[in-house]
Each structure stands twice: as structure tokens, then as C-alpha cells.
Amino acid sequence: MTELSLKKIYSGKVRDLYEIDDKRMLMVATDRLSAFDVILDDPIPRKGEILTQISNFWFKKLAHIMPNHFTGETVYDVLPKNEADLVKDRAVVCKRLTPIKIESIVRGYLTGSGLKDYKKTSTICGLKLPEGLVEASKLPEPIFTPSSKEEVGDHDINISYEECEAKIGKELAAKVRDSAIALYKEAAAYALTKGIIICDTKFEFGLDENGTLTLMDEVLTPDSSRFWSIDTYQEGTNPPSFDKQFVRDWLEQSGWNKQAPAPKVPADVIQKTVDKYQEVLDLLTK
Ligand SMILES: Nc1ncnc2c1ncn2[C@@H]1O[C@H](COP(=O)(O)OP(=O)(O)OP(=O)(O)O)[C@@H](O)[C@H]1O
Ligand SMILES: [Mg+2]
């Protein structure tokens, strides 16, 4: 892994955070891949770079909706040139925010844990949905389905909107929900013009020193979202997806019990995954 002269303050599942000062930090995306909240042994070459480019694209595109965590500086402003050269494509300089302790998931379509909940209860996170929906059905309106943020190794848990209000306060919960839905709607409409359906996604927000709600972390990457191609989308089936879903599907069929360690992923699955990440970047930005 890259050695930087800045002090490392956190190593997450995918990103490493370095302190610049008490207001700013450097977020470096590695080539680690986490699936079902477990980090795979083998890195995905160039994934950190591709992911950062996708995220940066969205931050810029969505900047008119709400403030984001960028300070406006480049890595060359905060690192010696030789170090900046090494991480320029996968690092960003951002404000250190106070994270809001929920994951803001927005779903436009029904699949995954949402579908499982719906089949059992006709609801997701306590939200009543129409009868008769099936795998990959488009929802009448995008819905906000928050989950609790658990420590590394634990699985995040879907919570009801009321639980979300209890965790972060009524006023903030409404702001987070409305912002997340607005971001999703704009992004999903754009992606559709590029042949991509954004099935669902997770946003993270924080508060700046003035208490302003700010978009942080990464935005609308294959790591935080499910992307489908409109060419292969079919209601009632599990659409083959761009991106990480490919590895997830491979892991699912391997019979793995989703507890660490994960099975070794074959080289061709790794290569296919890199190709998928690159394809998403190309489709969205060209
Ligand atoms: N601007 C910011 N200010 C403070 N924390 C941030 C900011 N942007 C992102 N983060 C946090 O930095 C970490 C990024 O690392 P990474 O996503 O790899 O962690 P993680 O292990 O996946 O943790 P999590 O499950 O919380 O996402 C996350 O915990 C995220 O909440
Ligand atoms: Mg994360």
C-alpha cells in the first residue's frame, strides 16, 4: 500500500483516511473490494482509481443540489510532488465532517434485502408498498430506506424511518431523506440517458462546523450502488449487473456463508470486475 508522509487516521474497508489538519483530510481509495461487508483477499487492480473518477464526476454533477465535502484543493496542494503523483487519480482532499450515523439508502427498484423484506411483510423499512411487485420491479416513487451504520465486520441493519428519527432527530432525518431522494432522482434520470438504471444507492452525509448538511464519502459508484443495463433489464428476473454485483453473484453461487474469510475469487472473475468498473466510468462520462 502507498506510504504517505501524512498521518493515517483510519483504514476502512475500501478507503484509507489521512489527516491534513483538524479541518481537512485526504481520502485515498484502495483496490480493496468488500462484498457482503467482508474484504476479499485479492485486490482489484485500478479499482481505486476508477471508483474515484466515478465519484468525482457525480459530486460535480450534483453540486447544485447540496454542498459536498470537497475543499477545492488538489492532492498537489497538500502532498509533496512525488507522493501526489502516486495517488493523484485515487485521492481527494475533503473537509473532516461529523458523520451522521446512518446509511441513507434510496431504492428506485425492488431487489436484494428490500425484496426479501417485501416478500415477508409487503413493506421495506416499515414503508408499505403496492401488492404484486416482483424482482426488479420499478417502485412507484423512489423510497428512502435507512440502515444503521455498524462497526467493521457487522452487517448494517435496515431501520424504519421512525428509528432513524429517534437516532438523528426529526428535523435532520427529514432533511437527509429529502436530500437523498433529490440526489437519487437527478442521478437516475441522467444515468438512464446513458443506458444505466440505478437500482439503488447509499449516500453518506455529515455536518460541517456550521451544522450544514453536507454530502460526503463516495457518491454513486458501483461500490455503493447497484447499476443495471437497460439492455438486459427485465422485470421478474435478477438483472445481470455492471459492477460489484458480478462478484457478489459469484460469491452467492459459491455457497459461501458470508462470514470472513471469503473464498478466493478466480482471476477471470477479478478481470471481469475491473472491466465492469471501467465500463461504468466510460458510459457515464463519455
Ligand atoms: N468528509 C468526511 N468526513 C468524515 N468522515 C468521512 C468523510 N467522508 C467519508 N468519511 C468516512 O470515511 C470512511 C471511508 O472509508 P470506507 O468507506 O473504506 O470505510 P468503511 O469501512 O466502508 O466504513 P463504512 O462501512 O462506515 O463505510 C467511512 O467511514 C466514511 O463514513
Ligand atoms: Mg464505506
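## A quick tour of the model

Start by colouring the two domains: the centres of domain 1 and domain 2, taken over C-alpha atoms, are 23 Å apart. Select 1–96 for domain 1 and 98–232 for domain 2; these bounds come from an automatic or database domain assignment. Where they meet, 23 residues of domain 1 are in contact with 27 residues of domain 2 (contact means heavy atoms within 4.5 Å).

Before going on, a note on what you have open: this is a predicted model, where local features need pLDDT of at least 70, side-chain atom pairs count only at pLDDT 80 or more, and totals for chains, interfaces and linings use all residues. Residues are numbered from 1 along each chain as its sequence is written, chains are lettered from A and ligands numbered from 1 in the order in which they are written, and side-chain values use heavy atoms, with hydrogens and water left out.

**Stop 1: two helices.** Select 47–61 (helix 1) and 170–193 (helix 6), which pack at an angle of about 115° with their axes 11 Å apart. Helices (H or I, at least four residues) and strands (E, at least two) are DSSP runs, numbered from the N terminus. Axes are lines fitted to C-alpha atoms, for helices over the stretch in contact, and angles run from 0 to 180 degrees between N-to-C directions. Now show side chains: Phe 57, Trp 58 and Lys 61 of helix 1 touch Glu 186, Ala 187, Tyr 190 and Ala 191 of helix 6. That set splits into 5 nonpolar, no polar and 2 charged residues (Ala, Val, Leu, Ile, Met, Phe, Trp, Tyr, Cys and Pro count as nonpolar, Asp, Glu, Lys and Arg as charged, and the others, Gly among them, as polar).

**Stop 2: a pocket.** Stay with helix 1, which gives the most to the lining of the second largest pocket, 5 residues. A pocket here is an open set of points on a 1 Å grid over the protein atoms alone, where a 1.4 Å probe fits, with protein on both sides within 12 Å along at least five of seven lines; lining residues have an atom within 4 Å of a point. Of its 15 lining residues, pick Asn 56, Phe 70, Glu 73, Ala 91 and Val 92, which lie nearest the centre. By class, the lining has 6 nonpolar, 5 polar and 4 charged residues.

Stop 3: Most residues other than glycine have a negative phi, and most peptide bonds are trans. Click Arg 46, in the loop between strand 5 (38–39) and helix 1: its phi is positive, near 75°. Finally, jump to Pro 261, in the loop between helix 7 (245–253) and helix 8 (267–285). The peptide bond from Ala 260 to Pro 261 is cis, with omega near -5°.
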